[in-house]
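Here are some notes for a first look at this structure. Please read them with the model open.

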Amino acid sequence: MSKREIQVSCPVPSSFRVQQVAGMFDVPLGEKCTERFSVQLPGREEDWDVGLIVGPSGSGKSTVARECFGDVLAGAADWQADKAVVDCFGELPMRQVVELFTAVGFSSPPSWVKPYQVLSTGQRFRCDLARALGRSFEARVPSCENKESSSLATHNSKHAPILAFDEFTSVVDRTVAKACSMAIAKGIRRGNIPCRFVAVTCHYDVAEWLEADWVLDMATGRLERRRLRRPSIQLEIYRCQLAAWQLFARHHYLSGKLARSARCYLALWNGEPVTFCATLPIIAQKNHRRFTRIVTLPDFQGMGIGMRVVAAVAELHRQAGLRINVTSSHPALIRHCKYSPQWKTVSVRKAGARRRQSARFQDYRSAIGRAVVSFEFVGESNE
């Protein structure tokens, strides 16, 4: 831990109105306006993953962040108006761009192909954050050089590079702020984002969702070395009608059409719809179904809600004596199922495979032509 004495100053212009303000409000005028801050911060050589500098506007948090993390301080980025956001990551491989989007809770492929300017405020913030986190690849620690290039995974430690982000969640509503805070904290601690992260914000409500290892409160000047406990997310899941799909359809990467025979389920958090999923029978396999749609609304992405709902619905099927599969090309879903004891891998299909389409099922949408992995739900282990 190190103590930092910071002094910043700026010249005071001499004008008639400046003199009026000084006279009316007894403001002392010198050649310069000077402010001093004395703060303690964990050293870069110490072992931590997530930090938070928080305080009201004008408390000096951005000043302290610039002085302490100026070389790694990021914020809103400039985006080209004629390019999709997925094209604005330089030479970064596509797989890593997708994982960055996923790591910040920006998991809607239909939005990846749009220009930054047409996205919602929450989506823009997530894009800014993903692009800033992309810097971590330029400063990878030596121990990570031999990692598989298609993955962001690395071991975060006192040697990992640091990224600080100013005005963190300042422009988004508080639901998005919580979701994004949780997503980035999970990504860093699981090793999917190869850096340590410092959030700089005026919003205190993100502290428990970030589960920060240390918090510097500029309102008091105090540094607290503790990790807050993240609030639990209580979900309600209901069997629903096909009409509920209309709220989610435009956020799914496949067609908005959904078979009338689908079993549909809706998850609510605090009374708000957050996730929709549906299952269909697998052709020619008795008592065997598959997930055909899984969508979490953008504001709630990155919190792990989607896969919790999928597991709960899959358990309902299993208890009814049905087998249930999920097939996907999405890196986050594949990673989750690969390491979860509730799922077992049943097939890995590379792109380019072709199969004759049955005339009987012309509207059947399969994974033919896409690289996908299929998992079967097995439930919790009894061992």
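1. Leaving aside neighbours within four places in sequence, R289 is in contact with S261, R263, T279, L280, P281, I282, H317, L322, R323, I324 and N325. The model is a predicted one. R289 sits in strand 12, which covers residues 288-296.

2. R289 is buried and has no salt bridge, and E376, the nearest side chain of opposite charge, is 13 Å away.

3. The largest nonpolar core holds 45 residues, and L52, F101, L129, L133 and F197 touch the most other members. At least two residues of this core come from each of strand 3 (50-54), helix 3 (94-103), helix 5 (121-133), strand 5 (162-165), helix 6 (174-189), strand 6 (196-201) and helix 7 (207-210). Helix 5 gives the largest share, 6 residues.

4. L133 shows what such a member touches: beyond its neighbours within four places in sequence, L133 contacts L100, V104, L163, I184, I193, C195 and F197. A second, separate core has 43 residues, among them C277, V295, M307 and V373.

5. E167, not a glycine, has a positive phi of about 55 degrees. E167 is in the loop between strand 5 and helix 6, and is partly exposed at a relative accessible area of 43%.

6. N270 is also not a glycine and has a positive phi of about 55 degrees. Its place is the loop between strand 10 (263-269) and strand 11 (272-281). N270 counts as exposed, at 68% relative accessibility.

Definitions and conventions. Residues are numbered from 1 along each chain as its sequence is written. This is a predicted model: local features need pLDDT of at least 70, side-chain atom pairs count only at pLDDT 80 or more; totals for chains, interfaces and linings use all residues. Side-chain values use heavy atoms; hydrogens and water are left out. Helices (H or I, at least four residues) and strands (E, at least two) are DSSP runs, numbered from the N terminus. Buried means under 20% relative accessible area, exposed over 50%, partly exposed in between (1.4 Å probe, protein chains only). Lys and Arg count as positive and Asp and Glu as negative; His and the chain ends are not counted. A salt bridge is a side-chain nitrogen of Lys or Arg within 4 Å of a carboxyl oxygen of Asp or Glu. Contact means heavy atoms within 4.5 Å. A nonpolar core is a set of buried Ala, Val, Leu, Ile, Met, Phe, Trp, Tyr and Cys residues joined through side-chain atoms within 4.5 Å.
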